[in-house]
Amino acid sequence: MAKQSKAVRSSSLPKKLQEAMNEQIKNEFASAYLYLAMSAYCESLSLPGMARWLRIQAEEEIEHGMKFYHFIIDRGGRVVLKAIEQPPADFASPLDVFEHAYQHERQVSEMINDLYRLALEERDYSSQAFLHWFLEEQVEEEKITSQAADMLRLAGDRGEALLLVDRELGSRREEDSP
Ligand code: MG
């Protein structure tokens, strides 16, 4: 009788990296949840431009999570989805939203740096190549969130200025973002 072929593919992804990347899938989806909460807050203030910007950002975070998802699977690894925490429902102001977004992106950059350090330690060259995109992406994410916070800081409490910023942020094209 012919031997049954093994159903389970063997993984070339080091266990520590697999675990850290599964954690990062959760972090990216948690980012999506956070940006969506921010978007809903801006909708409640009738600032549709900012709400749109943040909704596009949320969709991108899901794409980031899916990049990790596919990478783990492509390496023959095992994806395990983890629980996502509830994001805040309220913010103090639109400026508070974007300051929060900037601080959040700084933290995400640290997470990506930690992953890259682990890929170096594990001498996993394809993970290093995969993570290059994220290292560059984080430079962009920090830039765009801090620019938005700067614009809102300049606008201050002036309604007309706030509406201008809302229009400016609302003009974000979906393909603008990598
Ligand atoms: Mg991300």
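Biologist: What makes E28, E61 and H64 donors of the magnesium ion?

Modeller: Donors are N, O and S atoms within 2.8 Å of the metal (3.2 Å for Na, K and Ca). E28 (OE), E61 (OE) and H64 (ND1) sit at 2.1 to 2.3 Å, so they count as donors. Water is not among the atoms, so the site may look incomplete. Along the chain, the spacing is E-x32-E-x2-H.

Biologist: What are the ground rules here?

Modeller: This is a predicted model: local features need pLDDT of at least 70 and side-chain atom pairs 80 or more, while totals for chains, interfaces and linings use all residues. Residues are numbered from 1 along each chain as its sequence is written, and side-chain values use heavy atoms, leaving out hydrogens and water.

Biologist: How do you know that H64 is buried?

Modeller: Buried means under 20% relative accessible area, exposed over 50%, partly exposed in between (1.4 Å probe, protein chains only). H64 has 1%, so the label is buried. E61, at 2%, is buried too.

Biologist: Why is the contact of K82 and E19 called a salt bridge?

Modeller: The term requires a side-chain nitrogen of Lys or Arg within 4 Å of a carboxyl oxygen of Asp or Glu. K82 and E19 meet at 3.2 Å, N to O, so they qualify. The two residues are 63 apart in the chain.

Terms used: Helices (H or I, at least four residues) and strands (E, at least two) are DSSP runs, numbered from the N terminus.
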